[in-house]
Amino acid sequence: MQLVIWETGMRDLRLRNLVSQIKKEIKLKSYYPHFTSMLPKQHVCEYAQRTVYLVITLNSNLMNSTNLKPLWGLLCLLFIHSSAIFCQTIFGTIANVNDEPMEGVVVTLSCASGFVTETNAAGIFVFEGIPEGSACELSVSMNGDVLNGVSTFDLLLISKHILGQAPFNSPYQLIAADVDHNGIITEADLLDLQTVFTGMEEGFPSNTSWRFVDADYIFTDPGNPGEYPEVVNIGNLQGNVEINYIAIKIGDVNGSAVPN
């Protein structure tokens, strides 16, 4: 009969006391006293997300014994607390310029391993079980439905901006109008938009349908957005991290695109 106890690396005195109590009452020594040192932290977190059976293994007869059953809740508690020691969560929300949630945005998290998910109907994404101390890179993307929110009215508004008749006053409008993604708004942007609008092209030659900006980013010059952070770098992950994005539909300068 063997009991696997997650023992090494427990910084909480209550956890150490709990392990001692379990070992004393079951009268078994821990099978892997240095279990956590044998696995990279990313694997420890992967195990911690699954089931308690990955942390403890019991002989079936021992499992069914009357004396053990009251301890089962303690073992589960040990499992839950051990997972919290090593693993963190990276989460956030993606919404458009009208603060409407964006569903189906592809979110990629690159740490020691790669993770990919999509936002739900509320625009939320979550990555759980990320090893503490990780250096990660978060990026988002969405393409397709290129004409979503694009109309002749957008062409008119961009033309007026170029002519100086009604300049845009929002950095998000300027990003939306920069159809060829070169940092300036000219007749070339109108041409790229017209080729898609008339069906000559299925997508923007030099851009994606949507661009995304870190919601915490403050533009130093709102009238000239320049380069803006679409990728967020997280160094030495400590604790849970929230990162939110603002989604901008290219070509849709009046914000009429349907978010989902």
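Contact means heavy atoms within 4.5 Å. That term opens the first exercise.

This is a predicted model, where local features need pLDDT of at least 70, side-chain atom pairs count only at pLDDT 80 or more, and totals for chains, interfaces and linings use all residues. Residues are numbered from 1 along each chain as its sequence is written, and side-chain values use heavy atoms, with hydrogens and water left out.

**Exercise 1. The whole chain**

Task: Find how many helices and strands the protein has, and what percentage of its residues count as buried.

Solution. 
- Start with the elements. Helices (H or I, at least four residues) and strands (E, at least two) are DSSP runs, numbered from the N terminus.
- The protein has seven helices and nine strands.
- Next, burial. Buried means under 20% relative accessible area, exposed over 50%, and partly exposed in between (1.4 Å probe, protein chains only).
- Of the 260 residues, 41% count as buried.
- Last, contacts. Take those between residues at least 6 apart in sequence: 73% of them join residues at least 24 apart.

**Exercise 2. The disulfide**

Task: Locate the cysteines that form a disulfide and state its handedness.

Solution. 
- A disulfide is a covalent bond between the sulfur atoms of two cysteines. Here the cut-off is a pair of cysteine sulfur atoms within 2.5 Å.
- The structure holds one disulfide. Cys111 and Cys136 form it, with their sulfur atoms 2.0 Å apart.
- The pair links distant parts of the chain, 25 residues apart. Cys111 sits in the loop between strand 2 (106-110) and strand 3 (114-118), while Cys136 belongs to strand 5 (residues 136-141).
- The torsion about the S-S bond of Cys111 and Cys136 is about 110°, so the disulfide is right-handed.
- Check accessibility. Cys136 has a relative accessible area of 4%, so Cys136 is buried.

**Exercise 3. Strand 5 and its partners**

Task: Sort the residues of strand 5 by face, then find the strands that bridges join to strand 5.

Solution. 
- In a regular strand the side chains alternate between the two faces of the sheet.
- The covered face of strand 5 holds Cys136, Leu138 and Val140. The uncovered face holds Glu137, Ser139 and Ser141.
- Two strands pair if DSSP finds at least two bridges between them.
- Strand 2 and strand 5 run antiparallel, joined by five bridges. Val107 stands opposite Val140 in strand 5.
- Strand 7 (residues 232-234) is also antiparallel to strand 5, with three bridges. There, Asn233 is the bridge partner of Glu137.

**Exercise 4. Helix 7**

Task: List the buried residues of helix 7 and say what covers them.

Solution. 
- Helix 7 covers residues 187-197. Its buried residues are Asp189, Leu190, Asp192, Leu193, Thr195 and Val196.
- The cover includes helix 5 (152-163) and helix 6 (171-177).
- Gly199 follows helix 7, with a positive phi near 90°.
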